[in-house]
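Here is a walk through the packing inside this protein, from its cores to a few spots in its loops. Have the structure open while you read.

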Amino acid sequence: MTRAKAEASAEKPGAGSEGRGRKSREHGNGAPGVTAKTERTWTEADGRLMEEIVSRANMMKAYHRVVSNKGAAGIDGMTTGRLQEYLHREWPRIKEELLLGTYLPQPVRKVEIPKPNGGTRVLGIPTVLDRLIQQAVYQELGPLFEPGFSASSYGFRPGKSAHQAVEAARTNVADGRRWVVDIDLAQFFDRVNHDILMSRIARKITDKRVLLLIRSYLQAGLFAGGIISRRSEGMPQGGPLSPLLSNILLDELDKELERRGHSFCRYADDANIYVRTRRSAERVMASITSFLEQRLKLTVNQEKSAVDRPWNRQFLGYGMTNHRLPKLKVGTKAVDRLKSRLREIVRKGRGRNLKRVIDDVTPLLRGWTNYFKLSEVRKPFEELDGWFRRKLRCILWRQWKRSFTRARKLMQRGLSEERAWHSAQNGRGPWWNSGASHMNEAFDKTYFTKLGLVSLLHQFHRFQHST
């Protein structure tokens, strides 16, 4: 192997897990794990940020992050499992294009997913190669911008979480700010103004190759139905770079709210501002709406935005009580969404063994209770437990079909012959019978616990004791 080939091989992101690539700073292993201590400004004078992006150490981190995340293929059909082989063959050319500023991303694959409140959300799935490059860019841009972000911004940031945002919201209300300006941005990711966003990025980044690359990602075409449509505004959700870019743009809103002395919590494009009087809240709503529409060219959804009491609104799935020291609780919309997802699983499981249905819902129930572990009101957990056990009893009643089978199954569970036959022939529907006393006695809570059903109420009490 010649020396040139050896060097080229050593620079390939998939070639190995260790190396001596030059690296000016460390930046975690990927988007959620970024840590920044102090603000960096060296690129303003150096202008060689692209060299840092394509350095071996940075690309190796990006590579391992993208491979571990897996994810769907883009328009070229390449999976993460084939990325290493592709990079061994093509990385020298790709790296040269990035350093020359001539690299062009491929269009993103359009995917529509249903929103909880109706409608669809459009995702743009980049190719695996473009996800790798975006991740590498993110790892270098993160330490430059992160230190300047507001402490009241919680979305897609290292060391920040939705739970912290919810706790901060409760603290604001407990401090006497018992009016909220709930701002909802209409189709935020579809309406981002490219020029405004790029001007904010250019305040810290002077390497024109990086600026050109970011703009090319913003303008990457959207592939759907065999047609590629160009983008003049908005940015596709689905790539590693999108969360950082959204925070860079909305940091302008954060700085304006801080300048005015407002208490607020923002998680991505979901912002709540807390004030003491209704009059102040209405004034803030009008002025901030004007700021967003004129300065950032974003549209406020007037139907979903509101001035109201905090306990009448929901923030990141949580609601709160109207006590002087509010208690957090599960929001009604979150309960409805969980029921909807459980109905889908139950509908598919009508012809299957009940144990398999329970196994299918267990990860969902555990994840849901873990997210709402800050809740201090037990009622939603208790009601959901009872509702889902009834859904499972309904599956059994439907599966039995014939009166003879129903009577036999009830007798097997300990009911008398007379009562079993009377219940089996009552002429009522499956849902009524699933909530009736004969099914509750025959298939009580203990029966479902032995099958492995997670009790939401038990999880609630466990989290309460742990805190």
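Two residues are in contact when heavy atoms of theirs come within 4.5 Å of each other. Keep in mind that this is a predicted model.

Let's start with the cores. The largest nonpolar core has 67 residues, and Ile201 and Leu292 touch the most other members. Helix 6 (residues 128-145) gives the most to this core, with 10 residues. What does isoleucine 201 touch, leaving out residues up to four places away in sequence? Its contacts are Phe145, Leu211, Ile214, Leu245 and Ile248. There is also a second, separate core of 52 residues, and Leu316, Val346, Leu354 and Leu456 are among its members. As a general point, nonpolar side chains in soluble globular proteins tend to be buried together.

Leu456 brings us to helix 20, which covers residues 456-466. Here Leu456, Leu457, Gln459, Phe460 and Phe463 are buried. Why do they end up on the same side of helix 20? They cover an arc of only 160° around the axis, so they share one side. Turn to the other side of the helix and you'll find His458, His465 and Ser466 exposed. As for partners, the buried residues of helix 20 pack against helix 12 (332-348), helix 13 (354-371) and helix 14 (379-400).

Next, the rings. The structure holds 14 aromatic pairs. In one of them, tryptophan 368 and phenylalanine 381 have ring centres 5.8 Å apart and planes at 65°, so the pair counts as edge-to-face. Tryptophan 368 sits in helix 13 and phenylalanine 381 in helix 14, so this pair ties together parts that are 13 residues apart in sequence. Both tryptophan 368 and phenylalanine 381 are buried. Ring pairs also link Trp368 and Phe381 with Tyr318, Tyr371, Phe372 and Phe460 into a cluster.

Rings meet charges here too: the table gives two cases where the charged end of an arginine sits over a ring.

| Charged residue | Ring | Distance to ring centre |
|---|---|---|
| Arginine 428 | Tryptophan 432 | 4.6 Å |
| Arginine 462 | Phenylalanine 463 | 4.8 Å |

Finally, a look at two loops. Glutamine 187 lies between strand 3 (179-184) and helix 8 (194-201). Its phi is near 45°, a positive value in a residue other than glycine. With a relative accessible area of 43%, glutamine 187 is partly exposed. Lysine 297, in the loop between helix 11 (278-295) and strand 8 (306-308), also has a positive phi, near 60°. Its relative accessibility is 47%, so lysine 297 counts as partly exposed.

How values were computed: Residues numbered from 1 in each chain as written. Predicted model: local features only at pLDDT ≥ 70, side-chain atom pairs only at ≥ 80, totals over all residues. Heavy atoms only, no water. Buried < 20%, exposed > 50% of the residue type's maximum accessible area, 1.4 Å probe, protein only. Helix = DSSP H or I, 4+ residues; strand = E, 2+ residues; numbered from the N terminus. Arc of directions from axis to C-beta. Core = buried A, V, L, I, M, F, W, Y, C linked by side-chain atoms within 4.5 Å. Phe/Tyr/Trp six-rings, centres within 6.5 Å; stacked < 30°, edge-to-face > 60°. Lys NZ or Arg CZ within 6 Å of the ring centre and 35° of its normal.
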